[in-house]
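Here is a short note for a colleague opening this entry. Please keep the structure in view while reading the numbered points.

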Amino acid sequence: MADQYAQSGEDGRPTGIPVIRWEEPPEGPVVVLLDQTRLPTEEVELVCTDAPALVEAIRSLAVRGAPLLGIAGAYGVALAAARGFDVDEAAVALAGARPTAVNLSVGVRRAQAAHQEAVARGAGPEQAAVAALAAARQLHREDAEASARMAAHGLALLDELLPGGGHRILTHCNTGSLVSGGEGTAFAVALAAHRQGELRRLWVDETRPLLQGARLTAYEAARSGMAYTLLTDNAAGSLFAAGEVDAVLIGADRIAADGSVANKVGSYPLAVLARYHHVPFIVVAPVTTVDLGTPDGASIEVEQRPGFEVTEVTAPQVSVSGQGGGIAVAPLGTQAYNPAFDVTPPELVTAIVTEEGAVSPVTAEGLAELCARSGQVPIA
């Protein structure tokens, strides 16, 4: 088996480039993003001068991951305000850029509300823009703090469920510092276990069709010196059957009021495998991902992505032949089914870990109590 073993080195963020930041050059404020579509081969930044540019970055997955989308949405509203554009129009466009990740609309509405409140108090355009930016920066700070608390709660839960350490954790998609103001959600728990000497192996699903696991999670694991192994998504079953998985840790893009979890497509099959093999299936997400306004999994809108993401693959410095700019791997005209997410019912989820603690068993009542403690309210 080809493995990547733990290495000594810096355990900090996997890249020296901030994932997102606000800058104010002489020509006007901008939002600067690490372009995640170029990783792991290049660390390249995108400079967004207006909300439409940020909307395109969100749709193209240059910026992605539920918590980070919330931060980006808030900065997008602040950018529109600072540049003198219609804030409400920008908010609508930003919130609708990707429909499943609830954090995006949460971040947008938070900065929009700060702007509206400032205007209602009689503030001028500049002061109202400052208020929107302050709200975005506060959300950014809160997410970093939430990440650290989720890691602590998640590690405590692992130690409770799997005493003795030596954890072999399977993860799907990417949930590290590339999706967060801090060190992430599910990945942050695995990183905490690594730092405590309790992580034996991080199994990384490649995560088809866009390979966020292979391109991004493996990148973060390597830069953090973690022991990790990459596998194709359809190899997970054989890994469970061999008794090589102690726990599954994933993130979430939306958690319905009943505890149904929408996450990157491929998560639901892992939950089924975990249940059959009596392996804990743990979801790690901030409270802002819990949407009490969505009653159940059937009510979650699942984003449908372009078919060319399935019928083509992309590789740097290779001639392209497909409609989407990639190399065709299916006959021309092939129809593709490409949902970005699937939904896991609460009965297959061992626990949902948030910055406010864990809910287990996962019930509507437990989630409502947790949200009440945090002050989270349903999305209108």
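Which residues of helix H11 are buried?

1. This is a predicted model. In helix H11, residues 364-374, the buried residues are Gly366, Leu367, Leu370 and Cys371. They share one side of H11, because the arc they cover around the axis is only 130°. An α-helix has 3.6 residues a turn, so residues three or four places apart point the same way.

2. Turn to the other side of H11. Glu365, Glu369, Ala372 and Arg373 are exposed there. The buried residues are covered by elements including strand E8 (254-256), strand E11 (290-291), strand E15 (351-354) and strand E16 (357-359). Just after the helix comes Gly375, with a positive phi of about 85°.

3. Helix H1 can be read in a similar manner. Within residues 51-59, Ala51, Leu54, Val55, Ala57 and Ile58 are buried. Their arc around the axis is only 160°, so they sit on the same side of H1.

4. Check both ends of H1. At the N-terminal end, Asp50 is the cap: one of its side-chain oxygens lies 3.0 Å from the backbone nitrogen of Ala53. H1 is followed by Leu61, which has a positive phi near 70°.

5. Now look at His172. Where does His172 lie? It is in the loop between strand E4 (167-171) and helix H6 (186-195). His172 counts as buried because its relative accessibility is 1%. Its side chain makes a polar contact with the side chain of Asp205, at 2.9 Å. The His172 side chain also reaches the backbone oxygen of Val265 at 2.9 Å. Leaving aside residues up to four places away in sequence, His172 touches several others, among them Thr207, Asp233, Leu249, Ile250 and Lys264.

6. How many cavities of 30 Å³ or more does a search of the whole structure find? There are 2. By class, the lining of the largest cavity holds 12 nonpolar, 7 polar and 5 charged residues.

How values were computed
Residues numbered from 1 in each chain as written. Predicted model: local features only at pLDDT ≥ 70, side-chain atom pairs only at ≥ 80, totals over all residues. Heavy atoms only, no water. Buried < 20%, exposed > 50% of the residue type's maximum accessible area, 1.4 Å probe, protein only. Helix = DSSP H or I, 4+ residues; strand = E, 2+ residues; numbered from the N terminus. Arc of directions from axis to C-beta. Polar contact = N/O pair within 3.5 Å; in protein donor to acceptor, adjacent residues only side chain to side chain. 1 Å grid on protein atoms, 1.4 Å probe; cavity = no way out; pocket = protein on both sides within 12 Å on 5 of 7 lines; lining within 4 Å. Points joined across faces, edges and corners; volume = space filled by probe spheres on them. Nonpolar A, V, L, I, M, F, W, Y, C, P; charged D, E, K, R; others polar. Contact = heavy atoms within 4.5 Å.
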